[in-house]
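User: I am new to this structure and would like to learn how to read it, feature by feature. Could you walk me through it?

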2 protein chains.
Amino acid sequence: MVGKGVRRIDALEKVLGKAKYVEDYFFDRMLYIRLVKSTIPHGRIKKIDASKALKLPGVAGIFTAADIPGINQVGYALPDQPLLAEGKVRFHGEVVALVAAEDPDIAEEAARLVKVEYDPLPAVFDPLEAMNSKILVHEEKGSNIAETTKVRKGDVNKGFEQADVIVENTYRTGHQDHAYLETEGAVAIPEPGRITVIGSIQYPHLCQTITSRVLGLDLAQVRIVQASVGGAFGGKDDMGPLVTAKAALVAYKTGRPAMLVYTREDSLTSHCKRDPAIIEYKSGATSDGKLTAIQVKIILDSGAYANRGPFVLWRATMHASGPYEVPNAKVDGFLVYTNKVFEGSFRGFGNPPMQFAAESQMDELAEKLNLDPVEIRLKNILKPGSLTITSQRLDSSVGIGEAVKKLAEVSDFKKKWVEYRKSEGVKRRGIGIACGWHGISTSRGVPDWSNAYINIYKDGSVVCETGICEIGQGTHTAHAQIVSEVLGIPIEHIKIVGGTTDAPDTGATHASRGSSIGGIGVFVAAAKLRERIEKVAAKLLGCSTEEVEIKEGRAYRRGDPDKYIEWRELVKKCYEMGVEMSATGYFFLPKGTFDQEKGQGFAYPAYSYVVNVAEVEVDMETGQIKVLRVWPALAAGKILNPTLVEGQLEGAIAQGLGYALMEELVFKDGVILNANLTDYVIPTVEDVPEVMKPVYVEDLYQYGPFGAKGVGEMALIPTPAAIVNAIYNATGVRIKELPATPEKLYFALKKMRGD
Amino acid sequence: MVGKGVRRIDALEKVLGKAKYVEDYFFDRMLYIRLVKSTIPHGRIKKIDASKALKLPGVAGIFTAADIPGINQVGYALPDQPLLAEGKVRFHGEVVALVAAEDPDIAEEAARLVKVEYDPLPAVFDPLEAMNSKILVHEEKGSNIAETTKVRKGDVNKGFEQADVIVENTYRTGHQDHAYLETEGAVAIPEPGRITVIGSIQYPHLCQTITSRVLGLDLAQVRIVQASVGGAFGGKDDMGPLVTAKAALVAYKTGRPAMLVYTREDSLTSHCKRDPAIIEYKSGATSDGKLTAIQVKIILDSGAYANRGPFVLWRATMHASGPYEVPNAKVDGFLVYTNKVFEGSFRGFGNPPMQFAAESQMDELAEKLNLDPVEIRLKNILKPGSLTITSQRLDSSVGIGEAVKKLAEVSDFKKKWVEYRKSEGVKRRGIGIACGWHGISTSRGVPDWSNAYINIYKDGSVVCETGICEIGQGTHTAHAQIVSEVLGIPIEHIKIVGGTTDAPDTGATHASRGSSIGGIGVFVAAAKLRERIEKVAAKLLGCSTEEVEIKEGRAYRRGDPDKYIEWRELVKKCYEMGVEMSATGYFFLPKGTFDQEKGQGFAYPAYSYVVNVAEVEVDMETGQIKVLRVWPALAAGKILNPTLVEGQLEGAIAQGLGYALMEELVFKDGVILNANLTDYVIPTVEDVPEVMKPVYVEDLYQYGPFGAKGVGEMALIPTPAAIVNAIYNATGVRIKELPATPEKLYFALKKMRGD
């Protein structure tokens with residue numbers, strides 16, 4: 001089962017339209033919630049006048065910060081963010097009040113009738129300006145710098161002294177919206193003694209924590225269940241709690257079920273985006289291409305709240321080197337508040353901007369040293385025994401070197417790269433390579449763990465409960481494969497119930513940990529049961545437990561498959577013999593120490609590695625860029641399900657392409673001017689390149705289920721750099737600011753030609 | 001916590017009307033189901049014509065046996081019962097088809113429009129007649145005797161030879177309807193990949209088994225959740241699966257949520273009742289009052305299907321002696337099919353009729369031997385070391401002797417008994433005593449087990465999942481007390497989620513096993529967690545785990561309560577340190593062997609004992625009987641919650657009183673003539689006697705949680721005998737047929753007076 005391209009267990013329900021998304025739910029006496037949002041980017045709330053709105057027939061209530069029975073605090077990394085604005089608003093689109101009514105139209109109309117009076121305050125939008133501004137987004141903090149990070153490894157001055165070449169550039173990246181098919185939403189149902197919230201979420205236990213805090217309840221009084229999720233990409237990790245808490249607040253106050261579904265405009269104006277970054281990057285290398293030092297300054301624009309920003313920044317900081325050995329490194333990171341929509345989790349976290357910079361630098365170094373892009377990378381690439389930028393020793397499962405070599409081969413990189421450099425004419429081709437690495441799961445000595453609960457029913461069918469969410473990535477299918485493999489039974493008899501606080505806290509479905517880290521608990525619980533069942537099978541078969549084979553729903557003595565016991569019969573016997581047929585699975589990952597001051601130590605339990613080669617065609621006259629094909633390679637341990645992984649690769653490359661070439665939020669005075677999917681352009685099927693057969697280097701991870709590491713975010717990370725490097729290969733123009741729109745390239749080409 | 005009269009954890013939701021019963025649920029596009037029932041007691045189904053009904057606007061479908069995708073078999077003890085009649089009907093009121101429509105009125109009308117043509121067959125209604133009749137309820141069985149049971153202990157002939165007195169009587173008892181406040185019901189909701197059914201049930205995993213069988217699905221594809229239950233008393237153990245399967249069938253076939261709620265008429269005509277019994281009882285004793293032998297013949301009228309009948313009969317058979325030592329016993333039981341509504345589980349199972357007979361016999365023997373009722377009982381009463389009628393040695397927890405003594409004392413029994421015998425006049429008082437015993441849980445070597453799952457959330461609040469249902473008895477409160485006691489935390493932070501197949505199979509909530517046997521798994525799971533947490537507490541407190549005290553949400557070193565760690569903090573530490581905070585609890589009860597042929601061996605893992613003293617006032621002219629007060633005594637191990645137990649005692653006494661004095665189903669040719677609660681009379685508040693402060697003999701049960709045994713059914717069991725013995729004490733008339741209506745007593749008094 002494991003390693004096979006098994007069809008998704010939720011394929012049919014999704015294809016047939018039977019999957020239930022938040023908006024598909026309906027409960028008797030249900031209220032619909034609409035948002036009253038700030039119309040200014042910064043200001044004090046003088047008065048909220050709901051009197052007119054409350055008079056509208058069908059309005060059930062209007063709720064502001066004053067109605068929160070618990071604590072109006074939803075900040076993730078820092079306690080800086082209210083569920084509903086209190087005292088002041090810090091960005092245009094911030095939620096000030098919730099309107100609940102009998103139907104969504106009435107709620108919408110009532111929301112418009114709520115009059116909020118503000119005392120406007122001067123606002124700050126540019127992060128560089130904000131770093132030294134007197135305009136403070138959070139006065140009580142005394143500064144707009146929400147968080148700083150550092151890496152201090154070796155001696156960078158000495159490192160640059162040893163360098164024969166030095167390359168120094170500033171890179172800029174913009175916002176990116178998740179643009180999921182389904183916007184944010186949740187429906188809360190009050191029940192005796194607790195409240196259940198069904199949501200479009202990524203981490204039920206976090207939703208539970210924040211919802212219970214807002215309501216002033218015990219965690220045990222708040223039950224969270226994921227609905228089918230129409231795309232998440234990190235955004236619903238951050239937004240899940242914000243919508244579950246809002247829906248729950250209304251349900252709690254009114255005693256009625258309450259549904260909140262963000263409109264697309266709500267989503268675009270008010271939900272977190274990928275943090276824009278400014279990265280000043282200096283790299284030094286010896287004449288034979290060995291990196292001697294890097295010095296990096298990262299400035300992330302956090303928007304009005306820190307949210308995940310500190311972790312996004314840490315991730316960027318700890319991956320600043322790219323997947324390379326570098327003896328000397330100095331990195332400084334700054335997370336800066338501005339009066340714009342707050343930023344947050346997005347596939348790749350801080351890595352897409354960071355690897356864009358790092359991998360552009362590698363090509364620049366290669367250029368200066370007359371090396372080809374593959375050579376320079378292989379000279380520095382991480383391998384078993386390497387020390388990372390945080391001086392974490394990588395003992396095993398570091399297959400990126402092999403991945404680079406194989407991918408260069410299958411894409412015929414070197415030949416094309418040399419050939420394309422010489423090409424002429426209006427339409428020119430280019431090829432680019434870029435690597436990426438990505439620490440799996442949580443970081444910096446913060447413990448990580450896995451958890452699951454499995455119950456085998458009397459007929460041998462199995463339910464596995466986990467907190468891990470199915471957000472389109474296929475994790476539940478991977479989990480079912482793990483159970484199937486461990487127990488030796490067909491996958492049809494396995495039901496995965498995920499994304500629920502009924503299961504033990506399994507951690508978030510983020511950081512590419514769903515199938516891998518999330519799968520460990522599943523593996524452990526299944527293995528516990530397997531062990532118990534094997535004993536019974538051995539007794540019935542008259543052999544030792546070591547000799548018992550269980551496969552495809554039959555248990556037999558190894559080598560004697562004709563004399564078997566049917567799984568169903570075996571389970572029945574176990575029940576009769578008093579064998580416990582349910583088990584929890586738990587695993588606490590090894591954690592190291594981390595020196596926060598120097599940014600040195602155990603940063604992540606494991607890393608996945610990725611390489612992309614992109615081939616582009618550029619129109620030298622218009623600046624039009626067409627990505628023709630992308631070859632991806634993964635060194636991410638065991639590939640549990642190649643079909644699912646291909647899906648992830650394709651999706652990530654498409655999303656990376658959008659980030660690299662077209663997606664751009666346009667702000668004016670803190671107001672998003674293109675808060676719709678007509679003007680905020682994402683790739684269509686026409687833009688998506690051919691994704692070639694992936695290269696897998698299955699360097700097993702000792703703690704992963706069957707050796708698996710994470711794959712979900714990987715292929716997005718190097719996509720922008722691979723494309724930009726290919727553009728350079730085609731045109732000789734290096735784009736340092738994303739998105740690399742045709743317009744930008746057009747002017748750059750013009751400038752290059754001296755027009 | 002344990003042993004305290006803690007308020008029910010569901011008290012508020014019930015008092016405030018917030019509890020959700022099946023009928024309180026509503027789902028979008030929900031269909032309402034009504035039943036098409038047989039209008040004859042016995043006959044072949046020639047044709048079901050639904051054409052007219054299907055034309056009625058709003059009718060969504062009509063479903064018969066032919067529509068069942070799985071197996072049309074819901075028999076519990078024997079595979080003799082279809083979900084929907086197939087081929088023939090065997091009782092008036094049997095369900096032939098299900099009608100589903102947009103609203104209940106349309107469904108009702110459509111049900112009337114379904115024309116079922118029958119070929120009527122001769123029917124048999126009297127069990128004695130049925131035993132030798134050529135009219136067969138189930139032709140394929142060749143006999144109407146569904147099951148026979150036997151006990152063969154010692155040599156009864158020799159036993160009767162040794163007897164100085166012999167008493168021989170035939171006792172008869174009638175049907176009893178559970179008459180719960182809420183009728184049977186379930187609502188099924190199709191979901192992607194599975195179906196959820198919310199029902200008024202007593203055993204979710206049984207509902208799951210039968211529903212999945214009918215639908216042809218895996219158990220893992222059927223999820224059962226109990227709704228709030230408005231009374232169950234055993235009836236919903238049997239009926240739960242029948243309604244969940246029916247609702248699920250409609251939901252499965254239509255793809256829409258479907259609700260079935262029995263009308264009161266449906267309930268009275270079509271749901272199982274307490275099996276009527278005919279008991280021929282011969283007892284022998286020596287002149288000093290020691291029992292030498294009993295010979296008993298039990299005939300139970302099973303109605304059209306066996307259902308639980310074989311187990312009801314076994315229970316009657318194995319308790320035939322009453323809680324007394326008897327060296328020689330011969331018992332023969334017969335379960336007989338008739339063309340009447342099928343019988344089934346009811347509080348006390350086979351014991352209320354059996355103990356009515358056995359305890360009437362004891363008084364008769366006492367009378368003949370000139371002993372008082374207390375004396376003769378104490379001479380024979382079971383005690384540690386005794387062998388039961390099945391030769392099971394009772395090693396411990398046999399406190400009934402003490403219970404009899406204490407209860408006789410507090411009720412001033414002997415004095416009153418002597419005094420009342422002499423009373424004269426129209427209104428006469430009488431006092432009666434009766435004992436009962438009741439094997440807890442399942443029987444005859446069939447294994448029993450307990451199961452639970454507990455999760456401690458990060459804030460220290462706790463969810464405990466169990467399959468045990470809250471059916472009004474307060475079991476979930478008892479479970480919360482167990483968790484509270486074991487973990488040392490306030491009960492407010494504990495949420496019990498019960499009655500769900502999300503939990504491991506915990507067995508049924510019947511046989512008085514909910515709090516006791518069901519509580520073992522809860523105890524084990526909590527104890528596992530306690531042990532893990534203690535280790536962390538010991539580390540933090542710098543002491544040994546043995547010294548750790550956790551009480552009222554604080555952990556401290558024993559004797560040093562001022563230096564403590566708050567529970568919440570302790571749990572947080574556990575999470576940080578990688579301690580698994582969820583656990584399953586499992587316990588497989590010791591099982592013995594049982595010889596089915598001789599009815600000898602290990603019958604039950606434990607017995608609870610009960611004694612009632614009833615004081616009555618009889619009108620010698622009208623036969624009117626007023627039960628003035630009842631003193632109950634329990635020897636049922638640790639009393640986990642005296643308030644809850646008092647509730648159980650009062651309810652059981654009321655229900656026993658109804659059974660003893662008034663409840664009577666009137667049949668004519670298999671048709672129930674009083675299928676409504678106006679004509680089927682149950683006790684009102686005016687009829688209920690004063691229940692005196694109970695006597696508890698807390699003889700701990702080694703495997704029960706904190707030593708608890710079952711209590712739920714107990715006080716019903718001896719109530720009829722205590723009342724009838726009291727009537728005899730008052731009047732000199734012995735009633736041998738229940739109910740002992742005023743009419744019956746009036747004629748008996750008349751006869752006694754020779755009128």
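Predicted model: local features only at pLDDT ≥ 70, side-chain atom pairs only at ≥ 80, totals over all residues.

User: Is strand 28 of chain B enclosed or left open?

Analyst: Strand 28 (residues 606–619) of chain B is largely enclosed by the rest of the structure, because 13 of its 14 residues are buried.

User: How do I judge single residues in that way? Is T183(B) buried or exposed?

Analyst: The cut-off to keep in mind is that buried means under 20% relative accessible area and exposed means over 50%. T183(B) has a relative accessible area of 10%, so T183(B) is buried. You will find T183(B) in the loop between strand 8 (165–173) and strand 9 (185–191) of chain B. Its side chain reaches the backbone oxygen of Y262(B) at 2.5 Å. Leaving out residues up to four places away in sequence, T183(B) touches several others, including S200(B), K236(B) and R264(B).

User: And what about E168(B), is it buried or exposed?

Analyst: E168(B) counts as exposed, because its relative accessibility is 57%. This residue lies in strand 8 of chain B. Setting aside residues up to four places away in sequence, E168(B) touches Y281(B), K282(B) and Q361(B). The pair E168(B) and K282(B) shows how a fold brings sequence positions together: they are 114 residues apart in sequence, yet 4.2 Å apart in space, C-alpha to C-alpha.

User: Now a whole sheet, please. In what order do the 4 strands of the open sheet in chain A lie?

Analyst: The order is 21-20-19-25, and the pairing is mixed. Strand 21 (494–498) and strand 25 (582–588) of chain A stand at the edges; each has a single partner strand, so one side of each lacks a neighbour in the sheet. From one strand to the next, the twist averages 20°. Within this sheet, strand 19 (residues 449–456) and strand 25 of chain A run antiparallel, joined by 7 bridges. I454(A) stands opposite A583(A) of strand 25 of chain A.

User: Which helices go with this sheet?

Analyst: Helix 14 (residues 475–487) of chain A packs on the sheet and touches strand 19, strand 20 (462–466) and strand 21 of chain A, with its direction at about 135° to that of strand 21 of chain A. Helix 15 (residues 517–541) of chain A lies across strand 19, strand 20 and strand 25 of chain A, at about 40° to strand 19 of chain A.

User: What else does helix 15 of chain A lie across?

Analyst: Helix 15 of chain A also lies across strand 22, strand 23 and strand 24 of chain A, running at about 115° to strand 22 of chain A. Those 3 strands form an open sheet in the order 22-23-24, with antiparallel pairing. Strand 22 (548–551) and strand 24 (560–566) of chain A are at the edges with a single partner strand each, so one side of each is without a neighbour in the sheet. Here the twist averages 35° from one strand to the next. Strand 23 (residues 554–557) and strand 24 of chain A pair over 4 bridges, and Y556(A) has Y564(A) as its bridge partner.

User: Finally, what rotation superposes chain A on chain B?

Analyst: A rotation of 180°, with 0.0 Å of shift along its axis, does it, at an RMSD of 0.0 Å. That is the relation of a two-fold axis. Of the residues of chain A, F27(A) comes closest to the rotation axis, at 3.0 Å (C-alpha). Both copies use the same surface, since 100% of the contact residues of chain A recur in chain B.

User: What confidence scores come with the model?

Analyst: The model scores ipTM 0.95 and pTM 0.96. For chain A, the mean pLDDT is 97, and 100% of its residues reach 70 or more.

Conventions: Residues numbered from 1 in each chain as written. Chains lettered and ligands numbered in written order. Heavy atoms only, no water. Pairing = 2+ DSSP bridges. Helix = DSSP H or I, 4+ residues; strand = E, 2+ residues; numbered from the N terminus. Axes fitted to C-alpha atoms, helices over the stretch in contact; angles between N-to-C directions. Contact = heavy atoms within 4.5 Å. Least-squares fit on C-alpha atoms with pLDDT ≥ 70 in both. pLDDT = per-residue confidence, 0-100. Buried < 20%, exposed > 50% of the residue type's maximum accessible area, 1.4 Å probe, protein only. Polar contact = N/O pair within 3.5 Å; in protein donor to acceptor, adjacent residues only side chain to side chain.
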